[in-house]
Amino acid sequence: MTTRFGVFVPQGWKMDLAQIADPIEQWEAMTAVAQRADEQSWDSIWLFDHFHTVPEPSDNTTFECWSATAALARDTKRVNIGQMVGCNGYRNPSLYAKIASTVDVASHGRLYAGIGAGWYEHEWKAYGYEWTEVPERMAAFREATEIIYKMWTEDKPVYNGKYYSIDAPINEPKGVRKPHPSFWIGGGGPKVTLKLVAQYADAANIGGGKPELFKEKADILRGHCQKLGRDYDEIIKSTNFNVFPIDKGDDPQKATEKAKGPIKRDHFDRDNIIGTEDEIADRVEAVLEAGADYVIFYVPGVAYDLDLLERVESIAKRFA
């Protein structure tokens with residue numbers, strides 16, 4: 001499978017719009033990155049499905065994921081648009097399926113519909129969603145995934161589960177990408193998430209960008225595919241990196257401090273690469289050798305400096 005690359009747009013969740021005061025200008029900064037990516041060679045742009053900022057909730061802007069997805073679908077022409085990942089707890093799965101079907105049409109089939117179990121406890125409680133322990137949350141996620149798939153592939157499906165039920169809903173149009181909107185499941189849980197990938201997904205997102213961990217999870221996914229009779233090679237295996245390119249000899253601390261719009265150190269607490277293009281490329285190559293075939297970059301500071309996007313694109317082009 002050919003290696004492809006995506007990039008996150010600055011949505012506010014990681015405080016990446018905080019240096020812009022006006023909300024309209026914040027939105028346009030996000031759109032500018034999406035449109036530049038659309039002009040370049042990127043396969044996709046991505047949004048986070050969150051309501052409050054990290055590492056801690058603040059009063060700073062975080063644009064809602066699905067309404068932003070729909071708007072960016074109309075502001076771009078070529079690039080695919082995904083969520084990494086949609087939080088199952090924030091929308092009833094039948095509504096999620098309907099929203100995704102609509103956005104797939106609005107984007108002319110360019111939707112990468114992401115879903116995951118969710119983890120940001122503060123957000124759930126602040127917005128009035130019931131926060132449950134991991135086993136219950138994963139059980140609900142399992143039911144939701146099946147319902148979403150049914151809504152995209154069956155006419156008037158029926159499902160009666162412990163957490164969700166549907167009674168012959170009409171979902172027309174189901175989308176325009178065939179056989180259904182591209183379905184991306186995020187997470188590396190070996191018993192539930194990766195099995196759901198093998199059963200229903202077009203793509204898996206195994207975050208972290210660490211080769212050893214990626215290979216371990218990919219091997220588990222391969223095992224599920226073998227048991228279910230699914231072709232492992234037809235599933236996209238993606239991972240994420242936070243990257244900030246610097247010149248050879250630059251001090252990483254000073255380089256990020258001088259960047260347009262302060263680069264928060266917490267952007268780089270995990271999955272981080274502050275380095276030259278060669279150094280970033282080496283890390284990407286390592287995870288590709290471990291079995292990844294799709295890489296998604298988060299580039300802090302890109303809202304204030306679009307040239308960063310071009311520098312990171314030059315890294316992706318090495319693997320084209």
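**Exercises on two helix pairs**

Helix H6 passes helix H7 in a right-handed crossing, as seen here in a predicted model.

**Exercise 1.** Describe how H6 and H7 are arranged, and decide which class their angle belongs to.

*Solution.* Begin with the helices themselves: H6 covers residues 193–200 and H7 covers residues 211–228, and their axes come within 9 Å and cross at roughly 50°. An angle from 65 to 115 degrees would count as roughly perpendicular and one under 35 degrees as roughly parallel. The angle of roughly 50° therefore makes H6 oblique to H7.

**Exercise 2.** Find which residues of H6 meet which residues of H7, and sort the contact by class.

*Solution.* On the H6 side, the residues in contact are Leu194, Lys195, Val197, Ala198 and Gln199. On the H7 side, they meet Lys217, Ile220, Leu221, His224, Cys225 and Leu228. Sorted by class, this contact of H6 with H7 holds seven nonpolar, two polar and two charged residues.

**Exercise 3.** Work through the pair H9 and H10, giving the angle, the distance between the axes, the handedness and the residues that meet.

*Solution.* Helix H9 (residues 277–289) packs against helix H10 (residues 307–316) at an angle of about 50°, with the axes 9 Å apart. That angle makes H9 oblique to H10, and H9 passes H10 in a right-handed crossing. As for the residues, Glu277, Ile280 and Ala281 in H9 meet Arg311, Ser314 and Ile315 in H10. By class, the contact of H9 with H10 comprises three nonpolar residues, one polar residue and two charged residues.

Definitions and conventions: Residues are numbered from 1 along each chain as its sequence is written. This is a predicted model: local features need pLDDT of at least 70, side-chain atom pairs count only at pLDDT 80 or more; totals for chains, interfaces and linings use all residues. Side-chain values use heavy atoms; hydrogens and water are left out. Axes are lines fitted to C-alpha atoms, for helices over the stretch in contact, and angles run from 0 to 180 degrees between N-to-C directions. Helices (H or I, at least four residues) and strands (E, at least two) are DSSP runs, numbered from the N terminus. Angles under 35 degrees count as roughly parallel, over 145 as roughly antiparallel, 65 to 115 as roughly perpendicular and the rest as oblique. A crossing is left-handed if the near helix is turned anticlockwise from the far one by less than a right angle, and right-handed if clockwise. Contact means heavy atoms within 4.5 Å. Ala, Val, Leu, Ile, Met, Phe, Trp, Tyr, Cys and Pro count as nonpolar, Asp, Glu, Lys and Arg as charged, and the others, Gly among them, as polar.
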